[in-house]
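Student: Hey, can you walk me through this structure? I'd like to go bit by bit.

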Amino acid sequence: MVEFNLKKVLEQKNMSMYRLQKVTEISPSVIWKYNRGDIQRVDLSVLDKFCKALSCNVSDLMEFKDDNK
């Protein structure tokens, strides 16, 4: 299972979802879904904007966890 770590990265970077929305111009509902990990498909343009705004890599935002363990 792939988990999205936006909440953790936002905390590390001391940034609110509101500030991320202003910087990236991504709708609050989309940011909220990524923050909760409630997404089915990842939009590469959204990832690109998150990485630029948070000065991070995609690997900081996403993590694979093996369900079989």
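Tutor: Let's begin with V23, which has its place in helix α2. Helices here are DSSP runs of H or I with at least four residues, strands are runs of E with at least two, and both are numbered from the N terminus. This is a predicted model, where local features need pLDDT of at least 70, side-chain atom pairs count only at pLDDT 80 or more, and totals for chains, interfaces and linings use all residues. Residues are numbered from 1 along each chain as its sequence is written, and side-chain values use heavy atoms, with hydrogens and water left out.

Student: Ok, is V23 buried, exposed or partly exposed?

Tutor: V23 is partly exposed, as its relative accessible area is 40%. Buried means under 20% relative accessible area, exposed means over 50%, and partly exposed is in between, with a 1.4 Å probe and protein chains only.

Student: What separates V23 from F4?

Tutor: Their C-alpha atoms are separated by 20 Å, and the two residues are 19 apart along the chain.

Student: New topic: which residues are buried in helix α3?

Tutor: In α3, residues 28-36, the buried ones are I31, Y34 and N35. Looking down the axis of α3, they fall within an arc of 100°, so they line one face of the helix. That arc is taken from the directions from the helix axis to the C-beta atoms.

Student: And what covers them?

Tutor: The cover includes β1 (2-4), α1 (6-12), α2 (17-24) and α4 (44-54). For N35, the residues touched are L6, K7, L10 and M17, not counting residues up to four places away in sequence. Contact here means heavy atoms within 4.5 Å.

Student: How many aromatic pairs are there?

Tutor: The structure holds two. F4 and Y34 have ring centres 4.9 Å apart and planes at 65°, so that pair is edge-to-face. It links distant parts of the chain, with F4 in strand β1 and Y34 in helix α3, 30 residues apart. Y34 also pairs edge-to-face with F50, at 5.3 Å centre to centre and 85° between the planes. Rings of Phe, Tyr and Trp (its six-membered ring) pair if their centres lie within 6.5 Å; planes under 30 degrees apart are stacked, over 60 edge-to-face, and the rest tilted.

Student: Where do Y34 and F50 lie?

Tutor: Y34 lies in helix α3 and F50 in helix α4, so their pair ties together parts that are 16 residues apart in sequence. F4, Y34 and F50 form one aromatic cluster.

Student: How many residues does the largest nonpolar core have?

Tutor: That core has 17 residues, and F4, L6, L20, F50, L54 and L61 have the most contacts inside it. The largest share, six residues, comes from α4. A nonpolar core is a set of buried Ala, Val, Leu, Ile, Met, Phe, Trp, Tyr and Cys residues joined through side-chain atoms within 4.5 Å.
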